[in-house]
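Subject: Handover of a structure, with notes

Dear colleague,

Please find below the structure that I am handing over to you. My notes on it come after the sequence and the coordinates.

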Amino acid sequence: MSIMLAVKGKILKSKFSETKLWNKYPVRVLPIRDIFISCPKTEELRGKPFYKLLLEDIERDGLHFPLLVSDPTRAEIRQKKKQYKKRMSPLPQWNDGLDENDIRQWTVWGGSQRIRVAMDLGYTHIDCAIIPTLDEARTLQAKMRAPFQQRYY
C-alpha cells in the first residue's frame, strides 16, 4: 500500500510531490500534528505584511517547496533553543519521562510559516523534504528562497 493511500485527511502537496525528491532529499507526507514548528508566527517581515500575503499566495498557487524537516532528538532541540532563544518557538511540554537523547521529534526548520498557513487552510498533512540535520536544513533555506525573493511561495 502506498503512503498516500494510508493518509487520511487533507494533504498540502508541493510541486515536488510527484518526483518524491527535492534536490537529493526524499519528500514525504507527514501529519502536521506530529511536527514541532520551530519559529514563532511572523505577521510582518522587515516592517512589511507577510503572513496574510503568504496565506493568499499558497491559497492561490499552492505550495511550491516542501517544508524542510529533520528528526533531531529532544536534547538537540533544547540545544537549538538555547542558541536561538526567542527567535525559536517555545518547546513542547514533554512530560512523558522518556530519555531526551533517544526520543526524536519531527521539526520544521524551513517552512514554519507555511505549515501555519496549511493549518489555517484546514490541511492535516503536508509535503516535507527530510533533511538529515537541523544545521543542514538551515543552510538549505537560502538555496530554497533564492529564486523567489519577490514571492511568498
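The notes below go from the whole chain to its cores, its aromatic residues and some individual strands and loops.

This is a predicted model, in which local features need pLDDT of at least 70 and side-chain atom pairs count only at pLDDT 80 or more, while totals for chains, interfaces and linings use all residues. Residues are numbered from 1 along each chain as its sequence is written, and side-chain values use heavy atoms, with hydrogens and water left out.

Overall arrangement

The protein chain has 5 helices and 9 strands; helices (H or I, at least four residues) and strands (E, at least two) are DSSP runs, numbered from the N terminus. Along the sequence, their pattern reads α-β-β-β-β-β-β-α-β-α-β-α-β-α. Of the 153 residues in the protein chain, 44% are buried. Here, buried means under 20% relative accessible area, exposed over 50%, and partly exposed in between (1.4 Å probe, protein chains only). The accessible surface of the protein chain is about 9000 Å², and 52% of it belongs to carbon and sulfur atoms; such areas come from the Shrake-Rupley method with a 1.4 Å probe, and for residues only the protein chains shown count as cover. Among contacts (heavy atoms within 4.5 Å) between residues at least 6 apart in sequence, 86% join residues at least 24 apart.

Nonpolar cores

A nonpolar core is taken as a set of buried Ala, Val, Leu, Ile, Met, Phe, Trp, Tyr and Cys residues joined through side-chain atoms within 4.5 Å. The largest nonpolar core holds 21 residues, of which Ile126 and Cys128 touch the most other members. Two or more residues come from each of helix H2 (51-61), strand E7 (67-70), helix H4 (112-120) and strand E9 (125-130). The most come from H2, which gives 4 residues. A second, separate core has 18 residues, including Tyr84, Trp94, Leu140 and Met144.

Leaving aside residues up to four places away in sequence, Cys128 touches Pro26, Val27, Arg28, Leu30, Ile35, Pro66, Leu67 and Val69.

H4 is largely enclosed by the rest of the structure, because 7 of its 9 residues are buried. The buried residues in H4 are Ser112, Gln113, Arg114, Ile115, Arg116, Val117 and Ala118. Just after H4, Gly122 takes a positive phi of about 90°.

Aromatic residues

A search of the whole structure gives 4 aromatic pairs. Rings of Phe, Tyr and Trp (its six-membered ring) pair if their centres lie within 6.5 Å; planes under 30 degrees apart count as stacked, over 60 as edge-to-face and the rest as tilted. The pair of Phe16 and Phe65 is stacked, because the ring centres are 5.8 Å apart and the planes are at 15°. Phe16 lies in the loop between strand E1 (11-12) and strand E2 (21-22), and Phe65 in the loop between H2 and E7, so the pair ties together parts that are 49 residues apart in sequence. Phe16 counts as partly exposed, at 21% relative accessibility, whereas Phe65 counts as buried, at 6%.

The pair of Trp22 and Phe65 is edge-to-face, because the ring centres are 6.2 Å apart and the planes are at 85°. Trp22 is in strand E2, 43 residues from Phe65. Phe16, Trp22, Tyr25 and Phe65 form one aromatic cluster.

Lys10 sits over Tyr123, 4.5 Å from the ring centre, and Lys41 sits over Tyr51, 4.2 Å from the ring centre.

Strand E3 (residues 25-31) is largely enclosed by the rest of the structure, because 5 of its 7 residues are buried. Two strands pair if DSSP finds at least two bridges between them. E3 pairs with E2 in the antiparallel sense over 2 bridges, and Leu21 stands opposite Pro26 in E3. E3 also pairs with E9 in the antiparallel sense, over 5 bridges, and the bridge partner of Pro31 is His125 in E9.

The hairpin of E2 and E3 has 2 residues between the strands, and Asn23 there takes a positive phi near 55°. Asn23 counts as partly exposed, at 38% relative accessibility. Lys20, in the loop between E1 and E2, has a positive phi near 65°. At 44% relative accessibility, Lys20 also counts as partly exposed.

With kind regards

Terms used
A charge sits over a ring if NZ of Lys or CZ of Arg is within 6 Å of the ring centre and within 35 degrees of the ring normal.
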